[in-house]
Amino acid sequence: MTMGTLFWILTVIVCGVFLVISWKVQGQANESFSHYAIGGSSFPMYLIFFTQFATIMGAGNFIGHAGSGYENGIGWLAFILGEQGSKIVFALVFAGLAGRFTYNTMPEMIDDLIVRDKLTRILCGILSACIMVAWVGGQGKAFGEIFQVFTGADPLPIILLFSAIFIVYTFMGGVYSVVWTDLFQGILCVIFGIIFYLFAFSKVDFSLVELGNRLEAVGKGEMWTFANLDFLGTLNTFLTGLVGVLVAQTYWQRCYACKTSKTARNGLLYSGIICVIMTMLTALVGLIILTINQDLDAGSAMPWFMMYCTPMLVGAGIFVLILCAGMSSADSCLNSAAVLVVNDLVRPFGKHNDRQLVKLAKWATLLIGVASSVAAIYASSIISLFSRAYSMAGAGVAPLLCIGFLWKEHKGQRPEMSRCNSKVTAWGARVGIVVGAVVSQLPIPNAVLVGLVASSIAIVVVSLLTRNVPVERCFRSEGDAHPIPKDTAG
């Protein structure tokens, strides 16, 4: 049996398990839109930990970051520290707060607590959904690259095939499908992740000194130094990962889905710490591959290593690891994107019952899955797909989130649902979001850093100038008029 054939067999088995799980939980998901989006705020610690862990450890963390480590060297750890370390920052700063609430999305929280403006909610929803679309597309792109190496298959139909799988089981069970399949996926990721790293680092005798010596021996010693690292460029890279993840709906959504705020904080904190370590190890594996073969491109580094440097059983274990990691990230982000679209682009402009909202969320799942496939096909790499979405959404929304919570009308007042307490105005929020998103995409040095500063200044200045400007009637929001207490949610 060839490794390619084995991979197809494993794919069928794993995807079959996912579909069975989703079929069994779809009844719970269809009870209400709150159940479809956040499970009625009922999930315990073990489910939250594994769904956070499995979602974070996507295919990009094994294919993309290994390739980036191969291409950029040890300096790539700065991006990883920002992208992955942001989960720890989020856990310590925001998760406990979010865990007290029963919102469906982060833009809904901004609308209720910071600025009562439907247009701001729409802008936040669109930018946050961009990250989710990029993440789903990144998983499909990773699978396309793997199967191209091992089976010779055209990546295009592979991307479309896995996108269809993501759509079907997320469509069926909403967030219930996500968390229960993530439990299965997360356990497999831990088991096969340990096997993967032990095998990879055995190539350099489990020694970072040996890794550095071997890079020097093959003429790649510059990959093992921070000496020539551009500080501002590194800071920009760090912030790209940091602010993007801080506004990612998946992490807010899990916090809203928790039984308690303590569960929200600890679930993300513990999973975040583990994922920082694992992803940095993945980047170092990319450098290990560089010591073996210096003629690869970033996208094919990990698939080449799996095919030519591992025994079949070890390669199969690594494939299951990447398959589960990719599927878990894809389903989580697909569900989050669908909930964002329905909750923040549709729901504020009409009265819909739960059945209608669930139906709309399922249709949104289908449409966003297709959009993610297109993103995967046309993106130059997995990481470029992530980075552009991170920078645009992060620079646009993160300043509003932070300034909104810090710049209060009534100092010392604890955030409570249905109580808006911020000096940010509707026009300050709108201008700040657009300025940050646009500037972050300009072809200038350190665009994300510049975008964050520009957005922050715009929010404060425009808010001061528009203190007495009322929100247009069509965009005026009443916030969450009937909040559901956490202890009775669901």
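Analyst: Please note that this is a predicted model. Helix H1 (residues 3-29) packs with helix H7 (residues 118-151) at an angle of about 140 degrees, and their axes are 8 Å apart. That angle makes H1 oblique to H7.

User: Which residues in H1 meet H7?

Analyst: Met 3, Gly 4, Phe 7, Trp 8 and Thr 11 in H1 meet Ile 146, Phe 147, Phe 150 and Thr 151 in H7. By class, this contact has 6 nonpolar residues, 3 polar residues and no charged residues.

User: What is the handedness of the crossing of H1 and H7?

Analyst: H1 passes H7 in a left-handed crossing.

User: New topic: how many aromatic pairs are there?

Analyst: The count comes to 18 aromatic pairs. One of them joins Phe 94 and Phe 405: the ring centres are 6.5 Å apart and the planes are at 45 degrees, so this pair is tilted.

User: Where do Phe 94 and Phe 405 lie?

Analyst: Phe 94 is in helix H5 (residues 77-98) and Phe 405 is in helix H16 (residues 382-406), so the pair ties together parts that are 311 residues apart in sequence.

User: Is Phe 94 buried or exposed?

Analyst: Phe 94 is buried, because its relative accessible area of 8% is under 20%. Phe 405 is also buried, with a relative accessible area of 14%.

User: Which aromatic cluster includes Phe 94 and Phe 405?

Analyst: Phe 94 and Phe 405 form one aromatic cluster with Phe 90, Phe 101, Tyr 103, Tyr 251, Trp 252 and Tyr 256.

Conventions. Residues are numbered from 1 along each chain as its sequence is written. This is a predicted model: local features need pLDDT of at least 70, side-chain atom pairs count only at pLDDT 80 or more; totals for chains, interfaces and linings use all residues. Side-chain values use heavy atoms; hydrogens and water are left out. Axes are lines fitted to C-alpha atoms, for helices over the stretch in contact, and angles run from 0 to 180 degrees between N-to-C directions. Helices (H or I, at least four residues) and strands (E, at least two) are DSSP runs, numbered from the N terminus. Angles under 35 degrees count as roughly parallel, over 145 as roughly antiparallel, 65 to 115 as roughly perpendicular and the rest as oblique. A crossing is left-handed if the near helix is turned anticlockwise from the far one by less than a right angle, and right-handed if clockwise. Contact means heavy atoms within 4.5 Å. Ala, Val, Leu, Ile, Met, Phe, Trp, Tyr, Cys and Pro count as nonpolar, Asp, Glu, Lys and Arg as charged, and the others, Gly among them, as polar. Rings of Phe, Tyr and Trp (its six-membered ring) pair if their centres lie within 6.5 Å; planes under 30 degrees apart count as stacked, over 60 as edge-to-face and the rest as tilted. Buried means under 20% relative accessible area, exposed over 50%, partly exposed in between (1.4 Å probe, protein chains only).
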